Amino acid sequence: MNKNNKSKLNMIRFIPMIIMLISFIFFTINYKNISISDILSFTPENHLLAGGIIILIYAVKSISMFVSLSILYVSVGIIFPVYEALTINFIGIIVSMILPYFIGRLSGKGLFYKVAEKYPKIYKINDIEKDSEWRFIFIIKFIGIIPNEISSLTFGILNINFTSYMIASILAKTPAMIVTTLIGSNINEPGSLGFIASIIMSIIILIIVLRIYIKCKDNFK
């Protein structure tokens, strides 16, 4: 391959990252303070169509960071019956993990240092051993010390094993997703057993996160 073709190929590899950057800037400027009520007003009454739009929002969120996962979890819990809500949010987690990972993987390692300029704690990811890869991914995703999209992007850039990445990420994100979705499902009945149980589980997860963070914080200094 001649230098000209190689240069063109390198430029093509950066297109997904450029799209991600443009999306981030656009949604940060125009949808910075999006709320649960905004999601609810934007979602149609038809559940099939609404589910498709929610998954699309997850996809856009994964390359723009314009809304938090918690807002999506609660919104979906309000809109849909609980089992449908859990299914949609689970699919949403998968979508939000896959897109930034493959953008990072396609764009290459050269972007690692650019990302690390803004999030220097990411340098720690580059030091992990293969035998602790799964555990490290789980901790990063469970604690949430690095924004979800940024950590996914970085794992892709570092060419972390995709299967390990997805399994650890899903296991890390699912407990909080279930609890937050249940809060949304019971938000109109704050005195109900379901709502109270969801709050208690949220507190338990928060305590676990804090304990893991305290135990691992030396690795993030």
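**Figure 1. Thr43 and its surroundings.** The side chain of Thr43 reaches the backbone oxygen of Ile39 at 2.6 Å. This is a predicted model. Thr43 sits in the loop that joins α3 (36-42) to α4. With a relative accessible area of 12%, Thr43 is buried, because the cut-off for buried is under 20%. Beyond residues up to four places away in sequence, Thr43 touches Ala50, Ile54 and Ile79.

Figure 2. His47 belongs to helix α4. Its relative accessibility is 34%, so His47 counts as partly exposed. His47 and Ile79 are 32 residues apart along the chain, yet their C-alpha atoms are separated by 8.4 Å. Residues up to four places away in sequence aside, His47 touches Ile79, Phe80, Pro81 and Glu84.

**Figure 3. Phe80 in the largest nonpolar core.** This core has 33 residues. Ile54, Ile57, Phe80, Phe155 and Tyr165 touch the most other members. Two or more residues each come from α4, α5 (69-79), α6 (82-107), α8, α9 and α10 (162-185). Phe80 has contacts with His47, Ala50, Gly51, Ile54, Ala85 and Ile88, not counting residues up to four places away in sequence. A second, separate core holds 6 residues, among them Ala172, Val179, Ile183 and Phe195. In soluble globular proteins, nonpolar side chains tend to be buried together.

**Figure 4. Helix α5 and its cover.** Helix α5 is mostly covered, with 8 of its 11 residues buried. The buried residues are Leu69, Leu72, Tyr73, Val74, Ser75, Val76, Gly77 and Ile79. Which elements cover them? The cover includes α3, α4, α6, α9 and α10.

**Figure 5. Asn89 against the backbone of Tyr73.** Asn89 is found in helix α6. Its relative accessible area is 0%, so Asn89 is buried. A polar atom of the Asn89 side chain lies 3.4 Å from the backbone oxygen of Tyr73. Leaving aside neighbours within four places in sequence, Asn89 is in contact with Tyr58, Leu72, Tyr73, Val76, Met177 and Thr181. Among these contacts, Leu72, Tyr73 and Val76 are buried residues of α5.

**Figure 6. The salt bridge between Lys61 and Glu149.** The structure holds 1 salt bridge. Lys61 forms it with Glu149, and the closest N and O atoms are 2.4 Å apart. Lys61 lies in helix α4 (residues 47-64) and Glu149 in helix α9 (residues 148-157), so the pair ties together parts that are 88 residues apart in sequence. Are the two partners buried or exposed? Lys61 counts as buried, because its relative accessibility is 4%. Glu149 counts as buried too, at 3% relative accessibility.

**Figure 7. Helix α8 and the glycine that follows.** In helix α8 (residues 133-143), 8 of the 11 residues are buried, so the helix is largely enclosed by the rest of the structure. The buried residues are Glu133, Phe136, Ile137, Ile139, Ile140, Lys141, Phe142 and Ile143. Gly144 follows α8 and has a positive phi, near 75°.

Figure 8. Ile196, Ile200, Ile204 and Ile208 form a nonpolar patch on the surface. Together they have about 330 Å² of accessible area. Ile204 is found in helix α11 (residues 193-216). Its relative accessibility is 45%, so Ile204 counts as partly exposed. An α-helix has 3.6 residues a turn, so residues three or four places apart point the same way.

**Figure 9. The whole chain, for orientation.** The protein chain has 11 helices and 0 strands. From the N terminus on, the order is α-α-α-α-α-α-α-α-α-α-α. Of its 221 residues, 43% are buried. Among contacts with a separation of 6 or more, 75% join residues 24 or more positions apart. The chain exposes about 12,300 Å², and carbon and sulfur atoms supply 66% of that area.

Technical notes
Residues numbered from 1 in each chain as written. Predicted model: local features only at pLDDT ≥ 70, side-chain atom pairs only at ≥ 80, totals over all residues. Heavy atoms only, no water. Buried < 20%, exposed > 50% of the residue type's maximum accessible area, 1.4 Å probe, protein only. Helix = DSSP H or I, 4+ residues; strand = E, 2+ residues; numbered from the N terminus. Contact = heavy atoms within 4.5 Å. Areas by Shrake-Rupley, 256 points an atom, 1.4 Å probe, with all protein chains shown as cover. Patch = residues over 30% accessible without salt bridge, like charges linked within 9 Å, V, L, I, M, F, W, Y side chains within 5 Å. Salt bridge = Lys/Arg side-chain N within 4 Å of Asp/Glu carboxyl O. Polar contact = N/O pair within 3.5 Å; in protein donor to acceptor, adjacent residues only side chain to side chain. Core = buried A, V, L, I, M, F, W, Y, C linked by side-chain atoms within 4.5 Å.
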